[in-house]
Amino acid sequence: MRTDTPAGTTAMGTLPAREHLPVGAAGPPVLDVVIPVFNEEKDLERCVRRLHDHLAGTFPYGFRITVADNASTDRTPLVAVALAASVPEVRSLRLEQKGRGRALRAVWAASDAPVLAYMDVDLSTDLNALLPLVAPLISGHSDLAIGSRLTRSSRVVRGAKREFVSRTYNLILRGSLAARFSDAQCGFKAIRREVAERLLPMVEDTGWFFDTELLVLAERAGLRIHEVPVDWVDDPDSTVHIVRTAVDDLKGVLRVGRALAVGALPLDRLARPFGDDPRDGRIDGVPGGLARQLVGFCAVGALSTLCYLLLYSVFRAGAGPQTANAAALLLSAVANTAANRRLTFGVRGRERVVRHQAQGLVVFGIGLALTSGSLAALDAAAGSPSHGTELAVLVVANLAATVLRFLLFRAWVFPDRRALPRPRPTSVMAPDAPTPVTAPAARTAGTTTGGRR
């Protein structure tokens with residue numbers, strides 16, 4: 001799992017707001033469709049020409065078709081070169097190593113088109129879905145788009161074996177990585193270039209799991225994924241080894257799951273502002289993400305309370321109520337801070353984790369004072385209360401401490417950085433200009449407010 005910035009590139013800030021791509025603007029083609037191939041000399045020319053005719057007749061923007069040869073050993077490279085020579089919108093690229101993910105990474109990283117797509121060479125997916133696939137990316141509505149064979153309105157013709165494998169795999173993704181997209185492996189996807197520039201360095205796989213890893217990271221980062229129902233006909237001559245691919249995919253699921261669990265990925269680089277205008281990220285008087293944070297905090301709090309009560313009962317068997325309360329609250333507080341850090345407030349990585357735990361212990365001290373004070377008051381009032389009475393008082397005290405804990409977590413331990421005051425613009429002198437030009441001080445090197453379009 002790649003977590004560093006690749007050599008030769010500059011550190012990037014968050015993504016700019018999505019914008020509609022300009023109509024009729026001069027420059028590179030709007031769409032670059034990649035076809036990764038391996039030993040496809042028989043079908044390559046027919047499929048590429050069919051795709052070209054479809055785009056030329058239906059796509060209203062400029063386009064390019066890139067044939068990415070994955071170390072073929074037959075005449076596929078010669079066919080690709082001949083196509084590039086005879087069709088202006090077609091180009092070819094030769095890679096000396098196999099791997100669909102490797103081919104897509106190489107072409108997408110070098111492309112100048114603002115929308116990047118790929119499809120399988122057999123054109124199993126009905127080409128009428130191509131324009132609906134890329135339209136949300138061109139309009140600025142979505143960051144990625146995928147074709148889905150598993151929606152109700154999709155029409156699919158394939159054998160029972162492949163159907164079972166595909167649905168089982170997507171169930172595994174939903175259960176293990178909490179994926180919400182419906183079809184990870186359909187060979188029909190598109191992505192905006194500025195998103196690919198940030199996302200590709202984080203994707204480690206170079207084979208068939210490339211798609212899944214790309215989608216999981218994009219979804220976890222909060223990017224918008226658009227799904228298009230497709231008509232799809234299975235290729236009976238496909239050379240994909242189902243069992244080996246499934247094993248590699250499961251290994252990828254474990255690797256990505258571990259990286260997400262420990263917060264090892266800098267997904268904050270993929271954050272988008274809210275809406276078309278970055279200023280919409282904060283609305284006066286409306287706390288950002290409050291509802292979601294409350295749900296997460298309540299879920300974590302419920303589990304923490306059960307853990308606390310269990311620990312208290314265990315410790316109470318060999319210690320007094322104050323000692324048992326302090327020990328149980330300390331252990332549950334450390335786990336509670338870690339869980340809220342990751343799940344409720346979305347803080348990933350190891351940065352400031354010690355500081356957050358230290359602040360969490362301060363919050364723990366306040367909770368300890370509330371619960372210990374409640375026990376002391378109960379003991380003074382009732383003398384020798386029963387164990388059940390102690391637990392009831394502690395539940396009430398913990399509810400009060402929970403409300404205070406959420407407020408302190410939100411305002412002090414994990415404050416929303418978007419709420420911080422923005423740096424004022426600084427004035428810089430434009431070359432050969434007699435008056436100063438205002439430029440945002442927070443702009444990062446290598447990025448612009450509107451992104452690369």
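Asp183 is in contact (heavy atoms within 4.5 Å) with Ile146, Gly147, Ser148, Arg149, Leu150, Ser166 and Asn170, leaving aside its neighbours within four places in sequence. Asp183 sits in the loop between α5 and β7 (188–192); helices (H or I, at least four residues) and strands (E, at least two) are DSSP runs, numbered from the N terminus. Because its relative accessibility is 0%, Asp183 counts as buried, a term that means under 20% relative accessible area, with exposed over 50% and partly exposed in between (1.4 Å probe, protein chains only).

The structure is a predicted model, in which local features need pLDDT of at least 70 and side-chain atom pairs count only at pLDDT 80 or more, while totals for chains, interfaces and linings use all residues. Residues are numbered from 1 along each chain as its sequence is written, and side-chain values use heavy atoms, with hydrogens and water left out.

In soluble globular proteins, nonpolar side chains tend to be buried together. A nonpolar core is a set of buried Ala, Val, Leu, Ile, Met, Phe, Trp, Tyr and Cys residues joined through side-chain atoms within 4.5 Å. The largest such core here has 43 residues, and Trp108, Leu144 and Phe181 are among those with the most contacts inside it. Several elements each supply at least two residues of this core, including α3 (100–110), β5 (144–148) and α7 (210–220). Helix α7 gives the most, with 6 residues. Apart from this core lies another, of 40 residues, among them Val30, Ile35, Leu55 and Leu133.

Helices α9 (residues 290–316) and α12 (residues 387–413) pack at an angle of about 145°, with their axes 10 Å apart. Axes are lines fitted to C-alpha atoms, for helices over the stretch in contact, and angles run from 0 to 180 degrees between N-to-C directions. Residues of this contact include Leu290 and Phe297 of α9, and Leu391 and Phe406 of α12.

In helix α10 (residues 321–344), the buried residues include Ala324, Leu329 and Arg341. Gly346, which follows α10, has a positive phi, near 65°.
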